Amino acid sequence: MTEKELRVRKIRDGTVIDHISAGTALGVLKILGLSGKEGYTISILINTPSNKLGKKDVVKIEGRELNPKEVDKIALISPKATINIIRNYEVVEKQRVSLPPIITGFPRCVNPNCIINSREPAPPSFKVISKEPVRIRCRYCNIIMEFEDILANI
Ligand code: CTP
Ligand code: ZN
């Protein structure tokens, strides 16, 4: 896109998460624990045209640099996402997300009878059994969750 066509302007400092799978930007924000209450200026593009992906989502978070640990969880719903750290308008660091072998802390288990969903819940813990397409297995009840299940439970 040329400057004239930019939908959201460049940011001065912060993080741009680019090449997010189309339609999953709100899930990405949820994974990062950003609700809007934190006060950061956040721009969200959903289903925007992309040369590489056809359509993609983009999230721009001003004044906040994400660290590698928190960004890797994004790979669960958006394996092609790129993280760009911006300082003084320049991209100073660009990294791909990579899915860790074990996911902890989220999502909720799809099995309503799983101990993760009980009155005294165990902390979510899943083994990644396939990356693309994503498939994870609950380490308590062994149920397998795929993309749509994951997206609905983050
Ligand atoms: N960006 C931004 N503000 C800046 C610098 C970059 O919002 N000050 C955004 C760009 O619009 C783009 C992303 O950050 O969405 C990555 O920037 P850049 O590396 O310049 O773009 P590309 O070369 O197109 O990236 P890639 O090779 O990863 O596709
Ligand atoms: Zn379970």
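This is a predicted model: local features need pLDDT of at least 70, side-chain atom pairs count only at pLDDT 80 or more; totals for chains, interfaces and linings use all residues.
1. A nitrogen atom of ligand 1 lies 2.8 Å from a polar backbone atom of Tyr 89. An oxygen atom of ligand 1 is 3.2 Å from an N or O atom in the side chain of His 19, and an oxygen atom of the ligand is 3.3 Å from an N or O atom in the side chain of Lys 52. Polar contacts are pairs of N or O atoms within 3.5 Å; within protein, one atom must be able to donate a hydrogen and the other to accept it, and residues adjacent in sequence count only if both atoms are side-chain atoms. Taken alone, ligand 1 exposes 590 Å², and the protein buries 69% of that (accessible areas come from the Shrake-Rupley method with a 1.4 Å probe, and for residues only the protein chains shown count as cover). The elements that give two or more residues to the shell around ligand 1 are β1, β4 (82–87) and β5 (90–96).

2. Residues are numbered from 1 along each chain as its sequence is written, chains are lettered from A and ligands numbered from 1 in the order in which they are written, and side-chain values use heavy atoms, with hydrogens and water left out.

3. Ligand 1 is surrounded by Lys 10, Ile 11, Val 16, Asp 18, His 19, Lys 52, Lys 60, Asn 84, Ile 86, Tyr 89, Val 91 and Lys 94, a residue being near a molecule or strand if one of its heavy atoms lies within 4 Å of it. Strand β1 gives the most to this shell, with three residues. His 19 lies in strand β1 and has a positive phi of about 55° although it is not a glycine. At 14% relative accessibility His 19 counts as buried, where buried means under 20% relative accessible area, exposed over 50%, and partly exposed in between (1.4 Å probe, protein chains only).

4. Strands here are DSSP runs (E, at least two residues), numbered from the N terminus together with helices (H or I, at least four), and two strands pair if DSSP finds at least two bridges between them. Strand β1 (residues 14–21) pairs with strand β3 (residues 54–62) in the antiparallel sense over six bridges, and Thr 15 has Ile 61 as its bridge partner in β3. Strand β2 (residues 42–50) also runs antiparallel to β3, joined to it by seven bridges, with Thr 48 standing opposite Lys 56. Three residues lie between β2 and β3, which form a hairpin. Leu 45 belongs to strand β2 and is buried, with a relative accessible area of 14%.

5. Cys 109 is buried at a relative accessible area of 4%, and Cys 138 is buried at 1%.

6. Strand β8 has a covered face, with Ile 136 and Cys 138, and an uncovered one, with Arg 135 and Arg 137. In a regular strand the side chains alternate between the two faces of the sheet. Four bridges join β7 to β8 in the antiparallel sense, and a hairpin of four residues connects these two strands; Lys 127 has Arg 137 as its bridge partner in β8.

7. Two cis peptide bonds deserve a look on the model: one joins Phe 106 and Pro 107, with omega about -10°, and one runs from Glu 132 to Pro 133, with omega near 5°. Pro 107 is placed in the loop between β6 and β7, and Pro 133 in the loop between β7 and β8. Asn 142 lies in the loop between β8 and β9 and has a positive phi of about 70° although it is not a glycine; its relative accessibility of 49% counts as partly exposed.
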